[in-house]
Amino acid sequence: AAKKEAKKAEKLAKFNAKAAIKAATTTPATATTTSDSQDAKKEKTKPKKTEEPAFVNTTPPGEKKDMSQPMASGYNPIAVESAWYDWWEAKGYFKPVLDTETGKAKKEGQFVIPLPPPNVTGSLHIGHGLTVAIQDTLIRWNRMLGKTVLYVPGFDHAGISTQAVVEGRIWKLEGKTRHDYGREAFLEKVWAWKDEYQARITRQMRRLGGSCDWDRAAFSMDEARCKAVTENFCKLYEDGIIFRANRLVNWCVHLNTTLSNLELEKIECTGKKWIKVPGYEKPVMFGVITSFAYPIEGSDEKIIVATTRPETMLGDTAVAIHPEDPRYKHLHGKFIKHPFIPDRKIPIVLDDIVVDMEFGTGAVKITPAHDPNDYACGVRNKLEFINIMNDDGTLNANAGERFKGMKRFDARGAVIEGLKELGLFIETKDNPMVVPICAKSKDIIEPILKPQWWVSSKPLADEALATSDSKSWIVGRNLEEVTARADKVAAGRKYTLEQDEDVLDTWFSSGLWPFSIQGWPESTSDYELFYPASVLETGWDILFFWVARMVMLGLKLTGKMPFEEVICHAMIRDAHGRKMSKSLGNVVDPIDVVEGASLEKLHEQLYAGNLPEHEIELAKKGQKADFPRGIPQCGTDALRFALCAYSGGGRDINLEISRVEGYRKFCNKIWNATAFAMLKLDDAFVPPATVEVHKKDLTLVERWIYHKLNQAATELNKCLTERNFMNATSAVYSFWLYELCDVYIEAAKPLTQSEATRKSAQDTLYNCLDYGLR
């Protein structure tokens, strides 16, 4: 045992000595680990791939691309797609081609799509990319069918939305409001924004390949469209469809504007919830209900009511009870003393519609000028309508001297304190409720009584006109017409004309889009030729915002349905199924997918918007999680193909950029197949004048590939007719990948080397590429 230990120690000593010598003769610069040595070997055996220099387009704008040079070794979508669009446009390929003899649509038919005008609030996002992909697919397909085709581009001013983003931008950059600038200077800012973003959207549309007739581009506030709006307003007014009335509106204090119900969002409160409100440093509490007592006039009795908006009690003009409620029979015909406004006499009214005897105390405070249900009760019971709020959200003199000038939610707390002082406060407790907010500013919506222009059906308009102040309103298409009508109404009396400063919401003009872009109300050649449109393609989320309005106004003003068919595409969400939001960092610019974008570039783009700094940081984290290596360059063709492949009829698309990148590889496959064909189609090759698929000397594989080509073309046409874009892309993908590349190209290699089969195999290869690329 001792000998073994001695030998073991001797071996260990030798090993340590060798290790010491090795360490002494190895410098830090030359020392390597085992893994380093392995990596070095790999570097020696695997040559580095040299990066191709960045592509530079040298084709002069509008000229045809020089295709005489050999094909590049690899597929570069930027290089492949460059220069073609400018040449197509210069050659007039996007303009409708009429029959040369009749000057009307060709016998093959016509196809017209009005592009849903994107808002000039900002750049296009990936949802717009889907719109262009679907619409332009139909446009180009119908051109190939020989029809007279028109794709009309345009832009929407977006009214209050554009005002909001411009205000947000100047506040972020300069710390100023529109009031600091004044009306005229601020308008200049808005028009400058419009020009910048209209140009940016145009560049994006062109880069996405939208083959629009840009000479017909329209803007919803250009001279022609303004004329259409004026004609529409006057026509509807003259027919009793538009009328002026004092009614409750959804008022956004922050933007100082009225919103339709469709332009509101809702916050669900299951109980007490603090909500950040524009214009307030601290969040405001919602989801609670406050009970308090009103003293009965002429007695010591009190009646208890409850409200989620205590400040509105300053505008109360009644308390309603059910006529059959035995608890309050003795109060019929009685009055209430207002604790803060002594000279206001508040009646107790009987109403079996607004009151549910089983709910709460069975008594309901009524504020007709600030609540929709109370408004209806006020109309039924002929109550006084008292507006307690200024446009800026402060309380006016009608709210009483103590509360006048207070901001609405500051007044809420002050009213509760005042009730406690008087011993009238009962309790505040959690209460499930829905809080309406402005979709643009996130401000809490305030129901306020305001005179507004309303659009209604004829019977309702007749009733409203009988009680409205329409006699003082003179409506005309121009100053001359207005003056003539005013003279007639005045009948010799003196009068002053003042133009109403109120504006119509943007849907009033965009509802005219399908016919105003063709020249209506003038009887232009475009209106005669291209209205109604063939297809209206849009998102399902604006069916009632926009499509319904276009149908109603189209029928009313032109007597025709404005389009023959409506296609609704899905809403694009991110890969996790979330709605795209700037604060989440998941909004994707389609050009970033086309050209590629590093993570740093995506971060930089966040600063171009109006996001506050803390939201920018959150968005950066979202971008880093979703696009850790940025967005890869995919090209327009791959993006459009992917978006069509996603369009399978569902309401939502969960977009994965990796899938788009997969279709870039498909484009690469097509590139390689074409490169192979160019090697086989030598200088002596002359393309066949016709496609002859029944020649006797065709080989079996040629007959088979022609059969598959016909099948793919038949399926593609069928799917596009049915608007089944997903299956259409499947037909194209399967033909190229599994039939042409995997089978025929492999079979063609020996066929093109044999003298007997070369010409036929070349013709078949050429025809498959020619028709496959179409």
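I began with Ile 444. Leaving out residues up to four places away in sequence, Ile 444 touches Trp 251, Ile 275, Val 277, Phe 286, Arg 408, Phe 409, Val 435, Pro 436 and Ile 437. I note that this is a predicted model.

I looked up where Ile 444 sits. I found Ile 444 in the loop between strand S17 (433-438) and strand S18 (446-455). Is Ile 444 buried or exposed? Ile 444 is buried, because its relative accessible area is 4%, and buried means under 20%. I also checked Leu 264, which lies 180 residues from Ile 444 along the chain. The C-alpha atoms of the two are separated by 9.8 Å.

Next I turned to the nonpolar cores. The largest has 82 residues. Which of them touch the most other members? They are Val 593, Trp 736 and Leu 740. Helix H24 (residues 725-751) gives this core its largest share, 11 residues.

Apart from neighbours within four places in sequence, its contacts include Ile 126, Val 588, Ile 631, Pro 632, Leu 639, Ile 657 and Val 660. Gln 633, Cys 634 and Gly 635 are also in contact with Val 593. I then noted a second, separate core of 32 residues. Val 253, Tyr 294, Ile 346 and Ala 414 are among its members.

Last, I took a helix pair. The axes of helix H9 (residues 223-238) and helix H17 (residues 543-558) come within 11 Å and cross at roughly 75 degrees. H9 is therefore roughly perpendicular to H17. On the H9 side I found Asn 232, Lys 235 and Leu 236, which meet Leu 553, Lys 556 and Leu 557 in H17. By class, this contact has 3 nonpolar, 1 polar and 2 charged residues.

Technical notes: Residues numbered from 1 in each chain as written. Predicted model: local features only at pLDDT ≥ 70, side-chain atom pairs only at ≥ 80, totals over all residues. Heavy atoms only, no water. Axes fitted to C-alpha atoms, helices over the stretch in contact; angles between N-to-C directions. Helix = DSSP H or I, 4+ residues; strand = E, 2+ residues; numbered from the N terminus. Parallel < 35°, antiparallel > 145°, perpendicular 65-115°, else oblique. Contact = heavy atoms within 4.5 Å. Nonpolar A, V, L, I, M, F, W, Y, C, P; charged D, E, K, R; others polar. Buried < 20%, exposed > 50% of the residue type's maximum accessible area, 1.4 Å probe, protein only. Core = buried A, V, L, I, M, F, W, Y, C linked by side-chain atoms within 4.5 Å.
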